[in-house]
2 protein chains.
Amino acid sequence: MTMAPELPTAAIVTDPDIKAGYAVDSSLGAHCDGDFTLVRARDLDDVVTVLRHAQATRTPVVPQGARTGLAGGSVAIPGGIVLNLEGLDTVTEIDPIEGIAVCGPGTINADLKAAAAQQGLWYAPDPASSGSCTIGGNVATNAGGLCCVKYGVTADHIRGLQVVLASGEVITTGRRTSKGVAGLDLTGLFVGSEGTLGVVTEVVARLIPRPEPPLTALAIFDSMAALTRAIVALRLEPHRPSLIEVLDSPTMAAIQALGDYGYPAEATAVLLVQSDRAGHATEDIARYAQVLEAAGASDLATADDPQEAELLMGGRRMLNPGLEAKGPRFLEDICVPIVRLGDLIEAAHRVGAAHGIEVTTSGHGGDGNLHPSFFFDPEVPGGPGSRAAAEAAFGELVTIALAMGGTISGEHGIGTLKARWLEQEVGAASLQRQRDLKHLFDPTEILNPGRVYWS
Amino acid sequence: MTMAPELPTAAIVTDPDIKAGYAVDSSLGAHCDGDFTLVRARDLDDVVTVLRHAQATRTPVVPQGARTGLAGGSVAIPGGIVLNLEGLDTVTEIDPIEGIAVCGPGTINADLKAAAAQQGLWYAPDPASSGSCTIGGNVATNAGGLCCVKYGVTADHIRGLQVVLASGEVITTGRRTSKGVAGLDLTGLFVGSEGTLGVVTEVVARLIPRPEPPLTALAIFDSMAALTRAIVALRLEPHRPSLIEVLDSPTMAAIQALGDYGYPAEATAVLLVQSDRAGHATEDIARYAQVLEAAGASDLATADDPQEAELLMGGRRMLNPGLEAKGPRFLEDICVPIVRLGDLIEAAHRVGAAHGIEVTTSGHGGDGNLHPSFFFDPEVPGGPGSRAAAEAAFGELVTIALAMGGTISGEHGIGTLKARWLEQEVGAASLQRQRDLKHLFDPTEILNPGRVYWS
């Protein structure tokens, strides 16, 4: 047995006030009941050293980026090491011919987009936290966003990785070339593995030509049936919208509480639809308006130019501030077959009502990926309106989504919050294989232990 | 120890003439030096029974589709079982709202396309063998084709799988919904695993709206430098062509030997470029023509309508017959950075000349994925022009492609033909993890043993 290598002293942060900010991610109730070691990696060597040390000392390591995660996957573990990768934030290369960018995992999503934009290119994935989340975190959770309905998720835009394994070994996965089928797709295995299989230290991302600024249609619906009809009809259009977002009535009210964004108080839902199709956006929006009307929209607005299009998105941009203002909540991330969308929103309302819980539902309607929020009053000790009631509602809706043929997580990940439903979704045999894979890559269980695969 | 279950007698084929056709795939020199058991699976149960039998008796199993593979990955193993999946060829569902098809692994690629087309949808991946290859084989090799430059490869179009593991256990991977991040991406792990990790018994494929019939530009080049300039310039266009195919001078000659397709004898290369962009194909082709001319094309033809566009593709359609007529060959499938495309074609010519070997090079120029062919005379016992010389040239070009930052296989797979270079590409640490994964899923090494990971 060799001596454990020392942690890189210069990368360790000991200030308790600073450390407090690195103890949790952005999930509800995240907390760390004890001290931990915070290492803010400066380079690949730091990552290798931390993992070798952790391996030798059997210390849990939590890989971490900007702590915008919503599933509890990067919360510190008492006695463990938080290995923060924010510092590895360099975009080292943009190759417009191959259509790739090479960057560190700490690169902010919006910074990668900006670097690509300088060459007329686009890194498509756009989580709501684009301005603050890191590419490494996006890779860890296989993050989604608003663009997915047309452009897909993070996994669709990653060609290769550099990964430090639990052993401290450094491997590269995937490729830089357009195509390549040499060996198993380890890249795809690491994308979405939530820091449980290795620590990503470099990302080769796919870039595509930057689309034109989108135009927008906004439609008001007075029934869930009409809303679902509209989304289904949009899915059947030959030219897929670049955005299909839905806000239910309580969500609209939460946004209207911050200012008048033109959402009528009596409406059931608002649907936002965009086209960014070069040279055809005006024509698409006119077509979508017809489709929305035929599906039963009670009111419609369309934008002829990008400025107006952005104005129609104004209310949607206030979604998170509006919901934040309402207080603490359990936030869902389920994805169901599109035909069940209206049913799911109604189920969220029903479940919330049964527990005396205020519910808002919004999300990526075109994907069937919704984010119901179950609000509670932390002062209420139990019963209707309490935290326990909201948590119960949250759990019931997961079960309902599964029964509809849906998934327990569309884009946030499993982390700790959804781990107890993973087996129900993937089945015992598949979960066993996932645990086997985890064991293969991390036999001493130092990487984000106890998460994802264990409830 | 339980008794080995009997093989499904009614599914076994014993006629030696029929069996001979199932002994090999379409790779050069494929042969099986001994007898094997041929099972043509009729359903999931047959697959489970075969694997349980094989597991209990430690018998090698070669999963197999239409034997169009080019890397030797589905050739029978003496004493083993060929588990042919052609019979599982039902398209059980097309869901236009979710944009998915569910089908058996034996479904012919073109049949899936046809079933999707009935609903205005498209299954994009289009290997050259589309009319005869199976979806299961496409999944096994992560097959590419001509559409990849715009639409990506098979992996980009698979949402989920049903897989029978070596143990006989049946698992489902992935999902039917648009998004989903619950657990590790086992789907991606099985795609491209060449029958070494499990046997795919059902595929959930992604469908997209069917594009319009493409228009075509054909450009003649008198130098590799100009050809490469043209492809690089096309890659930088905001609207990616739906096809960028290249044929070198000896390839043109092989095609012209079958009829006059208008290829000038003195030219260095011909480049075919298409656009299928709805409402913009004419405009795109005019723009591509400018780009091709600016890059130094010595002659140009463009098509104003789909019929004419297809005529310009006439010579390209004769590519395989033209090359087949030239006799036996080692067929490459390397992919290099696009800027090295001309260098690679010249290297192929140089390597061939050094070994006294005729070389043709054609392929998916827009991806940097080329298929040089090294022809030989089986009557020549050794030295220039012999099989050994062609094989040496084949190997040298692989090494050259790797040195250019390329991959040893863009779309055909590793199988047996490329296994000896896998470590050189992915590195020892990554290869070890791949072998570990193989061992995890197939501890007794019954699934396609000795392939991909072992040279």
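**Close-up 1. In this predicted model, α16(A) passes α16(B) in a right-handed crossing.** Right-handed here says that the near helix is turned clockwise from the far one by less than a right angle. Helices are DSSP runs of H or I with at least four residues, strands are E runs of at least two, and both are numbered from the N terminus. A packed pair of helices is described by the angle between the axes and the distance between them. For α16(A) and α16(B), which spans residues 428-441 of chain B, the angle is about 145° and the axes lie 11 Å apart. Those axes are lines fitted to C-alpha atoms over the stretch in contact, with angles running from 0 to 180 degrees between N-to-C directions.

**Close-up 2. Here are the residues that make the contact of α16(A) with α16(B).** From α16(A) come Arg433(A), Asp436(A), Leu437(A), Leu440(A) and Phe441(A), and they meet Arg433(B), Asp436(B), Leu437(B), Leu440(B) and Phe441(B) of α16(B). Contact just means heavy atoms within 4.5 Å. Sort them and you get six nonpolar, four charged and no polar residues. Ala, Val, Leu, Ile, Met, Phe, Trp, Tyr, Cys and Pro count as nonpolar, Asp, Glu, Lys and Arg as charged, and the others, Gly among them, as polar.

**Close-up 3. Glu169(A) and Arg433(B) pair up in a salt bridge, 2.3 Å from N to O.** This pair crosses between chains, from the loop between β8 (158-164) and β9 of chain A to helix α16 of chain B. Glu169(B) also forms a salt bridge with Arg433(A), with the closest N and O atoms 2.3 Å apart. To count, a side-chain nitrogen of Lys or Arg must be within 4 Å of a carboxyl oxygen of Asp or Glu. Between chain A and chain B there are six salt bridges.

Close-up 4. Together the chains bury about 5,400 Å², 62% of it on carbon and sulfur atoms; that is accessible area (1.4 Å probe) lost on being put together, summed over both parts.

**Notes.** Residues are numbered from 1 along each chain as its sequence is written, and chains are lettered from A and ligands numbered from 1 in the order written. Local features need pLDDT of at least 70, side-chain atom pairs need 80 or more, totals for chains, interfaces and linings use all residues, and side-chain values use heavy atoms, leaving out hydrogens and water.

Definitions and conventions
Buried area is the accessible area (1.4 Å probe) that two parts lose on being put together, summed over both.
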